[in-house]
Amino acid sequence: MNLSFHSDALPDVDRITGRRRMRRNRRTDWSRRLIRENRLTLDDLIWPIFVIEGENKRETVPSMPGVERFSVDLAVKAAERARELGIPVLALFPNTHPEKRDDQGSEALNDSNLICRACREIKAAVPEVGLLTDVALDPYTSHGHDGLLREGEIINDESVSVLARQALVQAQAGCDIVAPSDMMDGRVGAIRETLDSAGYGHVQIVAYTAKYASAFYGPFRDAVGSGTMLSGDKKTYQMDPANSDEALREAELDIAEGADMIMVKPGLPYLDIIRRLKDTFGMPTVAYNTSGEYSMIQAAAANGWLDGERAMMEQLVSFKRAGADSILTYFAPRAAEILRASL
Ligand SMILES: NCc1[nH]cc(CCC(=O)O)c1CC(=O)O
Ligand SMILES: [Mg+2]
């Protein structure tokens with residue numbers, strides 16, 4: 001058999017495609033730029049940071065190479081960096097000392113807890129950067145759950161009343177957005193009512209609407225120090241990874257209860273959920289690019305198995321393509337540097 005190419009052996013591609021040639025638009029860089037459908041911008045980014053006690057203190061997070069925990073004074077520096085880079089929002093997560101944890105998560109309601117102090121100091125120094133705080137009890141409970149635990153069950157309604165107070169304490173400390181990540185039923189409405197009646201009607205709510213019981217939170221639990229504390233799993237309140245229609249019902253409730261934005265978490269394995277929620281509700285939709293999604297790229301890049309920076313940018317634009325308006329990502333400062341360099 002003769003495998004060499006002869007012109008008379010060429011397939012008639014013009015006939016096959018009806019003369020349409022998809023590659024014509026891809027030939028040059030300027031043309032690829034011209035037809036590009038989605039773009040990641042600085043305005044899309046939310047940068048999460050971990051806060052610890054102490055002064056001028058920073059700690060690496062072994063399972064999240066490139067991520068550090070900062071004492072409050074250094075968190076202020078991070079906020080200054082966010083302002084310089086043009087990152088609109090900083091998300092704060094506390095690493096609470098085990099001694100301050102109890103089965104009720106009482107430290108969550110202490111108005112001078114780590115998060116509240118960080119909010120006050122950052123707001124005073126860098127008022128231009130939006131501050132998002134997480135509403136959930138897991139950084140404060142000795143059992144590592146997001147709500148109150150009684151006889152082996154996470155009890156919904158009493159947890160909601162504590163979460164609403166936690167949100168108010170954070171609003172009083174100056175946060176701009178509260179983000180309930182606990183997945184209790186009715187907490188968005190309860191938080192909205194509590195904030196409104198206390199004069200914090202301007203504080204926004206990003207609801208962790210479709211938050212799945214995921215393996216991709218592992219490194220985060222390490223970072224906030226709740227991983228080894230967690231008894232059992234979170235399957236009775238976080239969603240089953242096999243479900244999609246259920247996310248629509250969750251969104252319907254959160255929006256009716258007053259959510260200003262909705263969030264899908266994790267991001268990468270749930271791009272289909274982002275697209276469905278965006279198409280169905282047209283709400284500002286946030287993708288949470290979780291710790292696990294971050295660390296798997298960092299680990300592969302450290303091994304030389306993939307180009308970490310390209311994989312990062314590709315992952316981030318995939319959220320835009322799926323319909324997300326913004327992305328909460330540990331890659332935020334690095335992505336911002338790259339985006340600025342290409343301005
Ligand atoms: N309320 C807990 C919370 N808030 C954000 C994350 C995960 C974030 C990440 O993996 O980056 C979690 C972990 C969990 O639900 O156990
Ligand atoms: Mg819900």
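How many helices and strands does the protein have? The protein has 12 helices and 12 strands, where helices (H or I, at least four residues) and strands (E, at least two) are DSSP runs numbered from the N terminus. This is a predicted model, in which local features need pLDDT of at least 70, side-chain atom pairs count only at pLDDT 80 or more, and totals for chains, interfaces and linings use all residues. Residues are numbered from 1 along each chain as its sequence is written, chains are lettered from A and ligands numbered from 1 in the order in which they are written, and side-chain values use heavy atoms, with hydrogens and water left out.

The C-alpha trace spans about 80 × 45 × 40 Å along its principal axes. A compact globule of 343 residues would have a radius of gyration near 20 Å, and the 22 Å of the protein agrees with this. That radius is taken over C-alpha atoms, and the globule rule is 2.2 Å times the number of residues to the power 0.38.

Two backbone features fall in loops. Between β1 (45-52) and β2 (58-60) lies N56, which has a positive phi of about 50 degrees although it is not a glycine. The loop between β10 (261-265) and α9 (271-281) holds P266, and the peptide bond from K265 to P266 is cis, with omega near -10 degrees.

K265 also belongs to the surroundings of ligand 1: of 17 residues there, the closest are S181, K211, R221, K265 and Y330, a residue being counted if one of its heavy atoms lies within 4 Å. This shell divides into 6 nonpolar, 4 polar and 7 charged residues. Here Ala, Val, Leu, Ile, Met, Phe, Trp, Tyr, Cys and Pro count as nonpolar, Asp, Glu, Lys and Arg as charged, and the others, Gly among them, as polar.

Polar contacts are pairs of N or O atoms within 3.5 Å. A polar side-chain atom of Y330 lies 2.6 Å from an oxygen atom of ligand 1. The side chain of S291 has an N or O atom 2.7 Å from an oxygen atom of the ligand, and for D134 the distance from such a side-chain atom to a nitrogen atom of ligand 1 is 3.4 Å. The protein covers 100% of the 410 Å² of accessible area that ligand 1 has on its own, by the Shrake-Rupley method with a 1.4 Å probe.

Methods: Polar contact = N/O pair within 3.5 Å; in protein donor to acceptor, adjacent residues only side chain to side chain.
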